[in-house]
Amino acid sequence: MRRGNPVVRLRWGFLVIAIVLSVFGARLVQLQAVDPDDLATMAADEGLVTVSLPAERGDILDRNGEPLAESADGLMIVADPVLVNTDEDGNEADRAPALARFLSRRLDIDYFTTLKRLRRTDTRFQYIAREVPEAKATAVVDKAEALGFNGLDTERDPIREYPAGDVAANLLGFLGTPDDDGNTTPLAGFELTFNDMLSGTDGSETYSTAGGTRTPLGTSSTTDAVDGQDLTTTIDRQLQWYTQRVLQQTVKGSGGESGVAIVMDSQTGEVLALADYPTYDANDPSAADSADLGARSLQDVYEPGSVEKVLTLSSLIDEGKVTPRTKLKVPGSLASGDTTIHDWWSHGTLKLTLAGVLAKSSNIGTVLAARKFGTGELRSYLKSFGLGAATNVGVSGESAGILPSLSEWTQTLQDRIAFGQSVSVNALQITSAVNTIANGGVYVSPSLIEGSATTDSGDTVGTDTTTTHRVVSKRAAKETTEMMERVVDPDAGVAPAAQVPGYVVAGKTGTAQRVNSDCGCYDGSYTVSFAGFAPADDPRFTVYVMVQGPTNGGGGGSVGGPAFSKIMGYALRRYAVEPTGEKASTLPVEW
C-alpha cells in the first residue's frame, strides 16, 4: 500500500484542528459575551447558594457596663426546597406539607407561610426561622433528619436579649419579627433611634453545591459582616430596677393609671433612672398593651401643677422683687379675669411669708407675688428653665410641651401659669427645670447617653454635647432651696413624708387638674407629683415622681412624697453620699 501525499494529509489535519478551535472559540464568545447573565442564572439554579452572614448587633449598656440589651448565640434554620421535596432515592416527592407541620409545631411558626417557602421552585435557599436558640435549632434539625426529612440546615444568627426584662424597657425598645428576607426591623426606643449605629452591616457568602452538599473546591466568595457598635447609656441598671419597683407600688397603691419616676445627677444632668409605669418585658413586647410600649416620661405632656411654683418664685427672687421673708396677705379667694382662684384648702385671710406660700403651696399667694412681674418677664424665665422645648436626649417622639407665646400672654393667663396651669411639660423637662435650683441656678441639659452617639436622623446627643446656662443667680437658688426645705417640715409644710432620715431635703409638691382631650376641659381627675433634691445644702441627686389619676384622694405630698423618700434614700446609699450634718431651714412661714 502506498501512503497518501503527506502535504494533503497535513492540510486535512490543519482543517480539522481549525474546525475544533472554531467551535471552542464560538462557545467561549457565547459564554463570556452573549449569554453571561442567563448562564450565571442557570449555574445558580443548578448549585450556587447565597446566604446572609448576619452582623452582631451592638449591645446597649448601663453606665457601669452592665447589659440592658445584648446579642446572644443563636441560629437560623434554612431550607433547600429542592432537597426537601426529594425522597431517599432521589425522586421528586411532595414532602413539604409533612415537614411544614413538623416545623410549625416545634418552632411555633406559621404552617402556611412555612409550606409556601418549602414549595418554592425558583430558589435553593429559604429562611424558615430566625433567631432560634442554638440548642433548640440543632435539636429540631436533628429530629427532622431522623424522621427522614432532607434539606434543612442552620446558620449563625445572633439573638437579641434583654437580660433584665422590663428594666428600662420603655427606653430600650425592641426588635420586630424577622421578615421573609431575614431582616429584623427595630420598632421602638433606642433600638429604633440608634439602629444604624447598633445594627452594623450584614455580610454574605456564595458557594456552589452538589446534591445539597457544599462543594469543597467549588465557587466561593465571602463578604464579611461588620458588627454594630455598643451604645452606653447614663442609666444605672440597679437604681433603675429599684426606681421601677417603687413607682409600680406607688401607682398601684394610689389607684392611679400611670406614673413616671426620674433620678438625675444634680451636677451633670445625667439621668441615672427614668422609669415608666405600666411597662413591659422587652423580651416579650407582644404581651403588653401598645399604650405601654413608649416612654410616657418624654412623649406625654401635662400641666405640672404646684411644682411650677419653684420656678415662679425663684425667678421673682432673682429679679429682686421679693425675698423669702416678703409678707403677703392671702385671702380665701382671688379674682382673675372672669375666673376665681382658690387654694387647695379653705381658709380666711392668712398672713404668709413667701416661704410660707411655698411651704403651704398657696395658689393665691403665688399669684399675688407673681403680679410683680413685668410684661414677658415670667415667660422669659420659664423658657430659660427649658419649658416649651424638647430636651433632645435621643428618645424618638419626644413632646416639647406648651409654653404660650408672648402674643397670647395676658394677666389672667400668667396668673394660672404662675401656679402650674395653662402650661404643659414632659416629665424630664420639669425634672431638669427643678434641677436648675439644685445646681445653683445653672440649667444643665439632661443626658441619657454616655459620650456621644448619632441618631438615625442625624442628631448627635450625649454627655459630650451637654450645655449649660445660668437661669437665676446663685443667691436666688440658695434662697429658693431654703424655702423648699420648709415644704417637708412636719410643722410648716405639706410633705413631711418626703423626708429622708439623716439628710436635709428640699422639695415641692404638685397637684394639677387634668384636661380631658375629648372635651378640652378639666375632668375632675388629677396629676400628682413631688420634685426635690438632697442633700439640700450640697445637692447630689434630683428626683421627680409623678402619678396620673390617683383615686385614693391623695395629693403630691401623700402620694409622691413617700416614693421620693424611698428612691432618694436608695440613691444616696448606693452612691455612699454622706449626710452633710447641716440643719434644715427655719425660715418663718407666717408673720
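**Ground rules**

I am working on a predicted model, in which local features need pLDDT of at least 70 and side-chain atom pairs count only at pLDDT 80 or more, while totals for chains, interfaces and linings use all residues. Residues are numbered from 1 along each chain as its sequence is written, and side-chain values use heavy atoms, with hydrogens and water left out.

I looked up Glu 479 and found a salt bridge to Arg 475, with the closest N and O atoms 3.5 Å apart. My criterion is a side-chain nitrogen of Lys or Arg within 4 Å of a carboxyl oxygen of Asp or Glu. Both residues belong to helix α18, 4 residues apart, so about one helical turn separates them. Arg 475 comes out as partly exposed at 43% relative accessible area; I call a residue buried under 20%, exposed over 50% and partly exposed in between (1.4 Å probe, protein chains only).

Helix α18 covers residues 474-485 and lies across β22 and β23, at about 80° to β22. For such angles, axes are lines fitted to C-alpha atoms (for helices, over the stretch in contact), and values run from 0 to 180 degrees between N-to-C directions.

**Entry: the sheet under it**

Which strands make up this open sheet, and in what order? I read 5 strands, β13-β12-β24-β23-β22, with antiparallel pairing. Two strands pair if DSSP finds at least two bridges between them. The edges are β13 (271-277) and β22 (506-516); each has a single partner strand, so one side of each lacks a neighbour in the sheet. Neighbouring strands are turned by 10° against each other on average, ignoring direction.

I then checked β12 (residues 258-265), which runs antiparallel to β13 and is joined to it by 6 bridges. Val 263 has Ala 273 in β13 as its bridge partner. Helix α17 (residues 427-438) packs on the sheet and touches β12, β13, β23 (521-534) and β24 (541-548); contact here means heavy atoms within 4.5 Å. The direction of α17 makes about 35° with that of β12.

**Entry: salt bridges across the sequence**

My search of the whole structure gave 19 salt bridges. One of them pairs Glu 450 with Arg 63 at 3.7 Å, N to O. Glu 450 sits in the loop between β18 (442-444) and β19 (453-454), and Arg 63 in the loop between β2 (60-61) and β3 (67-72), so the pair ties together parts 387 residues apart in sequence. Glu 450 is partly exposed at 25%, and Arg 63 is also listed as partly exposed, at 25%.

Arg 245 and Asp 166 form another salt bridge, at 3.1 Å, N to O. Here helix α10 (residues 237-254) holds Arg 245, while Asp 166 lies in the loop between β7 (159-161) and α7 (169-172), so parts 79 residues apart are tied together. Is Asp 166 buried or exposed? I have Asp 166 down as buried at 18%, whereas Arg 245 is partly exposed at 21%.

**Entry: a hairpin**

I found that β15 and β16 form a hairpin with 2 residues between them, and Gly 337 in the turn has a positive phi of about 65°. The strands β15 (333-336) and β16 (residues 339-342) run antiparallel, joined by 4 bridges. Leu 334 stands opposite Ile 341 in β16. On β15, Leu 334 and Ser 336 make up the covered face, and Ser 333 and Ala 335 the uncovered one. I note that side chains in a regular strand alternate between the two faces of the sheet.

Most residues other than glycine have a negative phi, and most peptide bonds are trans. I therefore listed what departs from this. The bond joining Tyr 277 and Pro 278 is cis, with omega about 0°; Pro 278 is in the loop between β13 and α11 (296-299). The bond from Ala 534 to Pro 535 is cis too, with omega near -15°, and Pro 535 lies in the loop between β23 and β24.

Glu 131 has a positive phi of about 55°; this residue is in strand β5 (residues 126-133) and is partly exposed at 23%. Ala 576 has phi near 50°, sits in the segment after α19 (556-574) and is exposed at 62%.
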